[in-house]
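Please load the model in a viewer and keep the selection panel at hand.

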2 protein chains.
Amino acid sequence: MRRYKIDSQGKRARVVKAARRLFVEKGYHSVTIPDIVAASGVSTGAIYNYFANKESLARYIHERTLADFQEMFEQRLESRSSTCEKLRAFAELVFDLAESEPDMMEYLLFMRHCEFMQNAAPICFTEPFQLIRQIVAEGIEKGEVKPGDFFISAVSYTGAILRPVELRFRCVLEKPLHDIAEELIANAWAAIKA
Amino acid sequence: MRRYKIDSQGKRARVVKAARRLFVEKGYHSVTIPDIVAASGVSTGAIYNYFANKESLARYIHERTLADFQEMFEQRLESRSSTCEKLRAFAELVFDLAESEPDMMEYLLFMRHCEFMQNAAPICFTEPFQLIRQIVAEGIEKGEVKPGDFFISAVSYTGAILRPVELRFRCVLEKPLHDIAEELIANAWAAIKA
DNA sequence: GTCTATAGCCCGATAGAC
DNA sequence: GTCTATCGGGCTATAGAC
């Protein structure tokens, strides 16, 4: 009852890892199959054994990356009850991933999936960001977030958190995110708290 | 004493306009010369008469777009004295441009210039964003912005302003930016005010 | 399953007429 | 200055041996 395509030497995973790194760095269209071959050490023929074509490889990477992020976010939310703490969980996850899984975080921040999927939803419409908006909406009901449009408050918060991560990757911010995390989280919360 | 290449019918400008739109939409590498020919109504030969190659067209567009933004920003700063008002000038410029010059604003937000210029400075290192940081630093000195690292406060503010613009372009935000501008500016200022 | 070699296609840039 | 037609290069995806 096993999958019909066995990946005995983890080649599939190596291709995925190398390709995501390259896609983020150079953009989907700039990455050639020979590039992926060189970076992963897996041959052209083997790549086409695991993926129908370059586009379906990109789609697979996209889905996996989003699903992994969503799972991590939900896991960290379990122990948090107040709105402030839940939003902090998002910020901390993002800051942690920027250090421990930079490929994943850069993908989420910078990847243009429209280069290979014409009519896919923007990332900010996907589950994790829907969840953020829901948390903010509940925060307004509970009186923890200032009254107003929950959408606007959610955007103000995530903007104040995600922009520093972008600038850290672009080497504009010199200090590691962990050193300035508390100040960033405080600023973001000050923008929307009741 | 005139330029040696005359552009009698504004073809050069039409190429620039069409190419910037296409570059933002599809990314540098996805845009082909035939695409630009179709979108601008200018022939291949004429395009190569005005620009040495595709890359130098992209560089020209990049420089012009940044310089235009910087000029507009400086102009709007002239009448503002307090830190809050200066930062508001930035926010209002960005919101206005998103409506009146969406191509320009999308270019500034989304364009990956590293696709055609390998070692160019990130946009956030360029003059307009240096200026923002300077304004915030002065605001801290004057006691208008809370004490701390001016870099962090500048990033928190611009993040809370630019993210909504991104989401508006991605059609995640349904309301026009002008309708929610005051709330966004208030949130961003709340994040960093003294 | 995995490899190498290559077919077939499309793009950027140019040549040469007007 | 502007056009159309085309060349050479480099890409994706496949063929066929192992």
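Which atoms of DNA strand C lie within 4 Å of the protein: what share belongs to sugar or phosphate, and what to bases? Bear in mind that the model is predicted. Select the atoms of DNA strand C within 4 Å of the protein: 75% belong to sugar or phosphate, and the rest to bases.

Next, select the 18 residues around DNA strand C; those that come nearest are Ser43(A), Tyr50(A), Ile33(B), Tyr48(B) and Lys54(B). By class, the residues of this surface comprise 8 nonpolar, 7 polar and 3 charged.

Now display the phosphate oxygens of DNA strand C. An N or O atom in the side chain of Tyr50(A) is 2.9 Å from a phosphate oxygen, and the side chain of Lys54(B) likewise places an N or O atom 2.9 Å from a phosphate oxygen. Colour the elements that give two or more residues to the surface near DNA strand C: helix H3 (44-50) of chain A, and helices H2 (33-40) and H3 (44-50) of chain B. The largest share, 4 residues, comes from H3(A).

Finally, select helix H1 (residues 11-26) and helix H6 (residues 102-110) of chain B, which pack at an angle of about 45° with their axes 9 Å apart. The two helices, H1(B) and H6(B), are therefore oblique to each other, and their crossing is left-handed. Show side chains for the contact: Lys17(B), Arg20(B), Arg21(B) and Val24(B) from H1(B), with Asp103(B), Met104(B), Glu106(B) and Tyr107(B) from H6(B). This contact has 3 nonpolar, no polar and 5 charged residues.

Key:
Residues numbered from 1 in each chain as written. Chains lettered and ligands numbered in written order. Predicted model: local features only at pLDDT ≥ 70, side-chain atom pairs only at ≥ 80, totals over all residues. Heavy atoms only, no water. Near = heavy atom within 4 Å. Polar contact = N/O pair within 3.5 Å; in protein donor to acceptor, adjacent residues only side chain to side chain. Nonpolar A, V, L, I, M, F, W, Y, C, P; charged D, E, K, R; others polar. Axes fitted to C-alpha atoms, helices over the stretch in contact; angles between N-to-C directions. Parallel < 35°, antiparallel > 145°, perpendicular 65-115°, else oblique. Left-handed = near helix turned anticlockwise from the far one by under 90°. Contact = heavy atoms within 4.5 Å.
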